[in-house]
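Hi,

Here is the structure I promised to pass on. Have a look at it first, and then read my notes below.

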Amino acid sequence: MTARNQHQHKCISATFGLMLLLLFHACDKPPVTAVYYAGDSEITEICLEDWNVAGPFTMQNDSVVMRDFAASHSFSLPVEKPDTAIKLWHKGPYHPRYGQLDLREVFGIGVTDTTRILERTVTYLSCTIKADRAKDLFLYVNTSMRCKEYVNGDSLTPVNVKEMKIYPVHLKAGDNTLLVRAQGARKKYWYEATLYDSTSMAGLYAEEHTGNIVNPVISNDSIVLTDDHQAVTNNDIKLFFSDVYGNKTSETVLRKGIVKYCVPGLKADRAYICSMVIGGDTVRQPVMTYAIEDVEARFTAMRDSLSTGHPRADEIDQLLYRVWKLGTVTGKMREDRWYPFKMPWLAYQLEHVFAHIDGTYGNDANEYNFKYLTYRSELDGCPQRYIFVTPNNVDRGRKYPLVVVMRPCSEKRYHLFFSPQISHQFVVNDMQAVADRYDCFVIMPEARMMLNEDLTPFAEAEMRLAIADAREHYNIDPDRIYLHANCSGGYRALRMATQNPDLFAAIALYAPVYRRNDEDNVYKACAPETMLGNLRATPLLIYGDPADTHSPFSVYADLVEDCDKYHIPYRLTLRRNSGQGYHGYHRLIVGRDACDFFKDKTKAHRTHVKYRFPVNDTTVADFYSRPFIYVYNAADTSAVYRQLVADVRKEYESYLYSILPIDRDTVTCRMPLVPDTRVTRRMLAEKNVLLIGENFGCHNVRAFAKEVINAKPHVKEDEVVLTATRNPYNSDGMALLYTSGRGPHFKHIINYPWRHGFRRTMTKDNIKE
């Protein structure tokens, strides 16, 4: 150390002591400071939750201090109290009420208060860390404030990595003081800090870099790291690449400060999985050695080579839809740094499908652990989609828990593979990291949930079918299936759980909507507040953010009260600013708090509970809860009737994305519309049946329709009616009759019965010609 540096160090240490004296000296009795113990263990993870707080100081006073410090490295604070114009003030220890230090809470500023005084002032935080011996640790900071950290008077310098604030920290034996200069920014006023040992820090760093290891498009055998990964550990970090057949390249050992490497084993025009081994953790990311612009043409040509009706055609078409959609984005979405990362995920999955074209998903160890999957629904034969995530390494000989994620309500219609939930790559990366960390499978079904609708019988049935499809292809433990949702999705989840209480081992809800203002009495009979008692044997986590203005505690306060009323085994956890970690409600995938709660919870040996269900008349919407067909009279060629049938079909298919925009000639799903001449008695007995009109030429349908018509209510001449009744050939099934007081010649005016048909009979005035 030079003489000049020695002088600067002494000045900083001396003035640092003066700062502490000012911050924590009381006239009568010194306050108890926040104290933590690093201990003698090699494994360290200390969450710094309690702090000594002093401030706020005016920017005028603080600017003088910081200007002097920049010029002379001499640090001192004014001894006078803050400007009297600033009424906020706190000096002493502070324990956060909701798990995270937030300056708004410290100074009593409400979450709806628009004042931004904390962005124009400075607050100091301090704590003491006791160490049995000298130790080198890392400080990981999570904050959006402008902060500067000091330990024992020395300024901390962050590790040169992006997006993570990591500071090497040297602790001396005895007491060490951590001081933080904090200034609010962009309405963000929280501060979180955790001390880690080198191994734990490397594990956290690895998890945060899932899907973010190297630049995803590789050329000339050269790879470029997204960060100087070696900067966070002195242990070796290794990379290797594997293709869709499981062939691996030799390992590349990373060196500190070097981000570009040559990997001679990589081949042109291939997709790979890049694996990074750091400490005891492995994280992965798909990459490719061809241009993003070449993906669509490459795999479209391969798709065209398949025979008509190939078993994997639906799966490929849905993947190509996302490829096409990504290729059409412009502007900010195209310029976003995460955009190049999205295409290799699809390229690898498509390449894997074609490499195993005679197989199916779930039967090969070289699949990537994030998958876009498609199956044909047994309800109507339409392709349905879900997102499925597995740990990095799956042991096919053991069963895994499954976390089912219920989508929240959306203001617009989105194809699942291009929906807000997966629009941000860092959220998708995090979903993959969570599945690997908690050694579980995660599924998010599309399940015919569109617009601002509730969980209809149609959607509920499709949720069960998606789970069943996943269980068919992956080794899932039926006693460890969990349900997770947030906000409006929480309402859907409660509907799903209360009507299927034997399905889930536990439920976790973030800020769930509990009550909705619905006028339909039949609909209310199935509402969560009516059915909640069915969950009295199911553990429930209710998680929220007291600073959340989008879904405040008042939204689910009644749920907490009813859990007490019905003796639901629940846990309520409130953590300040936890909503920030969900990156916006419409983009939530799965939360760590939920997975922590799910640990060790199982349905095995659960005490049986006698469940209660509303057993009143079935409704029109219930028609869609099992396989069904629409039947029309093939002999009726009148223009009005043909238009009626066409309008019913158009409404159904447009709502369920029957035609993919990439090819206007390809209908990927159709309404199960069957002419009466093709209907067999077996079909009538095995399926729910919707009759369009009353007159049919085929004997099978005519006899069936006669019994259904006998049960219909009186219909006025100017009315159109859609009514539900028991299936004459199957007491467990349903039959629907769509007719009018003038027979089958009417306009289609009862729309979306799967969404709005929560009555046994729906009637509307006929619009006369």
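Let me start with helix α5: the elements that cover its buried residues include β18 (281-288), α6 (313-328) and α8. Contact here means heavy atoms within 4.5 Å, and buried means under 20% relative accessible area, exposed over 50% and partly exposed in between, with a 1.4 Å probe and protein chains only. Helices (H or I, at least four residues) and strands (E, at least two) are DSSP runs, numbered from the N terminus.

Before going on, please keep in mind that this is a predicted model: local features need pLDDT of at least 70 and side-chain atom pairs count only at pLDDT 80 or more, while totals for chains, interfaces and linings use all residues. Residues are numbered from 1 along each chain as its sequence is written, and side-chain values use heavy atoms, with hydrogens and water left out.

Back to α5, which spans residues 295-304: its buried residues are V295, F299 and R303. Seen down the helix axis, these buried residues fall within an arc of 50 degrees, so they line one face of α5. The arc is that of the directions from the helix axis to the C-beta atoms. A297 and D304, on the other side of α5, are exposed.

Next, the cores. A nonpolar core is a set of buried Ala, Val, Leu, Ile, Met, Phe, Trp, Tyr and Cys residues joined through side-chain atoms within 4.5 Å. The largest one has 133 residues, and I387, F388 and Y630 have the most contacts inside it. Helix α8 (residues 339-355) gives the most to this core, with nine residues. For I507, the bridge partner in β25 is L540.

As for the whole protein chain, it has 19 helices and 32 strands. Of its 769 residues, 57% count as buried.

Enjoy exploring it!

Terms used
Two strands pair if DSSP finds at least two bridges between them.
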